[in-house]
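Here are my notes for you, as promised. Have the model open while you go through them.

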Amino acid sequence: MTDADCTATTSVDPSGVPFTELDPHLLRAQRTSIKWRRFADDVLPLFVAEMDFAIAPEVRRSIIERVEASDLGYLDQPGILAPAFAGFAQDRWGWHVPHDHVHIVTDVATGVVEALRVGRPQGGRLVIPTPTYPGFFEMLEEVPFEVVEVPLAADPAGHRTGDDPAVFAAPVRLDLNAIERAFASEDGVDAFVLCNPHNPHGLAHSAADLAELARLAAAYDVFVVSDEIHAPLTYTGAQFTPFAPLAAEVGALAVSTLSASKAWNLAGAKCAVLVAADERANEVLNRLPPEAVTRVSILGLHANTTAFTESRDWLDRAIAQIETNFALLAELIAARLPGVRVTRPDAGYLVWLDFRAVGLGDDPYSRILHDARVAFNDGAFFGDGGAGHVRINLACAPQTIRAAVDRVASILPAPPAPATAAPAASETSLPALDLEATR
C-alpha cells in the first residue's frame, strides 16, 4: 500500500465516502439495523459487529443487478460462490478447497449449529475456549450439548517489542494442556467449537497450536467446527492459518464456516459457506437438511461472490483503516484512560478492553452505557474470564472513536492524590493510578 493510500484512509472510508458523512447522527437517520435502533439517540453505538463504512461499490452493483433482473428466487446449491470462495482461499491463505466441499447456509451461526446437528446428532459434551463470542452460548442451546468452557491461557512469548504493559493486556493462546485434559477426561468430549481468529481478542491462532489441536481432535475423536468469519480481516504482518488443511492432514473430523459478512459489511445478506476439511467431513455435510440451503438469500450469494472476486482492493483498504483506528485507540487509551488495558488483535475490527482496574465497579459496561452514553459489548456475556471487560467496534470514522474515548474518560474516577507533596518521593511510592495518569 502506498503512502497516498495510507493518507486517504485518514479522511475517507474504503469506498471513498468522507468520514464526515459517517457521523453517527447522520447514519442513525439513514440506517435501520439494531446498531442504530437498539439504544437512544444520544448513545454512541460501538457494539454489534456491523461497519459504519459504506459497502463496496462492486457489491452494491451486484445486488442492484439481481434486483433489476427480478432474480430473487430460491437456491439449492452454492453455484458460482464455490469457485469464488475457493479462489479467495487459495490466493490469500494457500488453502486448496475442492469446489464440491463448499456448502451454503444462511450465516455462520447457522453453519455451526447445522454442522453439529449432522456431525454429532447424539450431542454430548462440547468444549469452547473462553471468553468468546456470546452468540455461541445462545446458538448452542439449539443442540443437545453440555458446554465445557476452557479459558484461554496467558502467552508470555506473545508480547510485542515496545508494547507498554500499562496499556496493552498480556497476550493469550489456546490452553492446549487444559483442552487435552478435557478430551481425556472420564466423560470425554464429542465436539469442539474453534473461533479462528478468536473473537473478542482478534487472536490468529498459531499454526503450531492449531496443528496440535488437530492432533488431539484426531486422537480423541472430537469433531471440530471452526468459525473463521474474521479471517479475511487479518492485519498486515499477521498470519491466518485455516484449520481444515491441518485437520485433513492428521485425519481429524472438521468443518469450517466462513462468510464475507464481517469483512465486507454484509451481515444482513444472509449467506455463508460450510467447508468440509476432507471427504469424510464432506459426507457429513452432504447430510445437511435441504432447508439449510434453500433459506440462503440469493442476494447474499451474489454479494459474497462479488466480494471474494471483485472487491479485494476494498477489503485491503478496510484493513488499513482498521489498523489505523486501532493505533488511534491505543494512543487515546494511553493518554486518556489510565488503567484500561487493550488486547492487540491480529484480525478484525472488534477489540477487547479490560476495565477492571479503573474504578468503575464490577459492571463497567453498564456504567459506561448509562453515564457516558456509549454502547460497547458487555464482557460478562463472553463466558469465563469476560467479567470486567468490554468489546469495542472500530469499523467507524476515527472521530467516532475519539468521541467515545472522551465520553468514557469523563466518567473515570479521579486518581487519588498523593499522601504527601514531598518532592523527593520515589516513583514506586506513588499509587498505581497516579503513575498511569502521568504517562
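1. Ground rules. This is a predicted model, so local features need pLDDT of at least 70 and side-chain atom pairs count only at pLDDT 80 or more, while totals for chains, interfaces and linings use all residues. Residues are numbered from 1 along each chain as its sequence is written, and side-chain values use heavy atoms, with hydrogens and water left out. Helices (H or I, at least four residues) and strands (E, at least two) are DSSP runs, numbered from the N terminus.

2. Helix 5 with helix 13. Two packed helices are described by the angle between their axes and the distance between the axes. For helix 5 (residues 81–93) and helix 13 (residues 298–310), the angle is about 30° and the axes are 9 Å apart. Axes here are lines fitted to C-alpha atoms, for helices over the stretch in contact, with angles running from 0 to 180 degrees between N-to-C directions. That makes helix 5 roughly parallel to helix 13 (angles under 35 degrees count as roughly parallel, over 145 as roughly antiparallel, 65 to 115 as roughly perpendicular and the rest as oblique). The crossing is left-handed, meaning that the near helix is turned anticlockwise from the far one by less than a right angle; clockwise would be right-handed.

3. Who touches whom there? Helix 5 brings Leu81, Ala84, Phe85 and Phe88, and helix 13 brings Leu301, Asn304, Thr305, Phe308 and Thr309; contact means heavy atoms within 4.5 Å. By class, that is 6 nonpolar, 3 polar and no charged residues (Ala, Val, Leu, Ile, Met, Phe, Trp, Tyr, Cys and Pro count as nonpolar, Asp, Glu, Lys and Arg as charged, and the others, Gly among them, as polar).

4. More on helix 5. Its buried residues are Leu81, Ala82, Ala84, Phe85, Ala86, Phe88, Ala89 and Trp93 (buried means under 20% relative accessible area, exposed over 50%, partly exposed in between, with a 1.4 Å probe and protein chains only). These pack against strand 2 (102–105), strand 9 (254–258), strand 10 (272–276), helix 13 and helix 14.

5. Helix 14 with helix 16. Helix 14 (residues 312–336) packs on helix 16 (residues 398–409) at about 20°, with the axes 10 Å apart. That makes helix 14 roughly parallel to helix 16, and their crossing is right-handed. Gln321, Asn325, Leu328, Leu329, Leu332 and Arg336 of helix 14 meet Pro398, Ile401, Arg402, Val405, Asp406 and Ala409 of helix 16. The contact has 7 nonpolar, 2 polar and 3 charged residues.

6. Helix 16 from the inside. Pro398, Thr400, Ile401, Ala404, Val405, Val408 and Ala409 are buried. Their packing partners are helix 2 (24–30), strand 1 (44–45), helix 14, helix 15 (364–372) and strand 13 (374–375).

7. Helix 9 with helix 10. The axes of helix 9 (residues 207–220) and helix 10 (residues 243–250) come within 9 Å and cross at roughly 45°. That makes helix 9 oblique to helix 10, in a right-handed crossing. Ala207, Leu210, Ala211, Leu213, Ala214, Arg215 and Ala218 in helix 9 meet Phe243, Leu246, Ala247 and Val250 in helix 10, giving 10 nonpolar, no polar and 1 charged.

8. Two aspartates in loops. Asp52 sits between strand 1 and helix 4 (57–68) and is buried at 1% relative accessibility. Leaving aside neighbours within four places in sequence, Asp52 contacts Leu22, Leu27, Arg31, Lys35, Trp36, Ala395 and Cys396. Asp155, in the loop between strand 5 (153–154) and strand 6 (172–173), is buried too, at 15%.

9. Most residues other than glycine have a negative phi, and most peptide bonds are trans. Have a look, then, at the cis bond from Asn196 to Pro197, with omega near 0°, and the cis bond from Asn199 to Pro200, with omega near 25°. Pro197 lies in the loop between strand 7 (191–195) and helix 9. Asn265 has a positive phi of about 60° and is buried, at 16%. Arg373 also has a positive phi of about 60°, but is partly exposed, at 24%.
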